[in-house]
Amino acid sequence: MKLVEEIVEEIEATLEQEKRNLEAYDPMFNDPDMHNCEGWCEALQYVLRQIAIVKKRDEHYLSYISDSEKEK
């Protein structure tokens, strides 16, 4: 899980950087790069949600296995 945590930290740092970049764009101009930056933010948030779902599922599964082995 350490590798996953390192990846999550890197994704979160990248997301924060992209959010700062997005704030720097002037909303009065329809800059295509602004929309690209918005897309990156959305994609990184999606990846973080998916990692959280998988981690929760795996924790539940490992807990179930652990409980099953205790019953033996």
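The structure is a predicted model, in which local features need pLDDT of at least 70, side-chain atom pairs count only at pLDDT 80 or more, and totals for chains, interfaces and linings use all residues. Residues are numbered from 1 along each chain as its sequence is written, and side-chain values use heavy atoms, with hydrogens and water left out.

**Overall form**
- The protein chain contains 2 helices and 0 strands, where helices (H or I, at least four residues) and strands (E, at least two) are DSSP runs numbered from the N terminus.
- The chain is more spread out than a compact globule, because its radius of gyration of 19 Å is well over the 11 Å that the globule rule gives for 72 residues. The radius is taken over C-alpha atoms, and the rule is 2.2 Å times the number of residues to the power 0.38.
- Along the principal axes, the C-alpha atoms fill a box of roughly 65 × 20 × 10 Å.

**Burial and contacts**
- Of the 72 residues, 14% are buried (under 20% relative accessible area; exposed is over 50%, partly exposed in between, with a 1.4 Å probe and protein chains only).
- Among contacts (heavy atoms within 4.5 Å) between residues at least 6 apart in sequence, 56% join residues at least 24 apart.

**Charge**
- The chain carries 9 positive and 18 negative side chains, counting Lys and Arg as positive and Asp and Glu as negative, without His and the chain ends.

**Leu62**
- Leu62 lies in helix α2 (residues 32–71) and counts as exposed, at 54% relative accessibility.
- Leu62 and Glu12 are 50 residues apart in sequence and 26 Å apart in space, C-alpha to C-alpha.

Terms used:
Charge placed at Lys NZ, Arg CZ, Asp CG, Glu CD.
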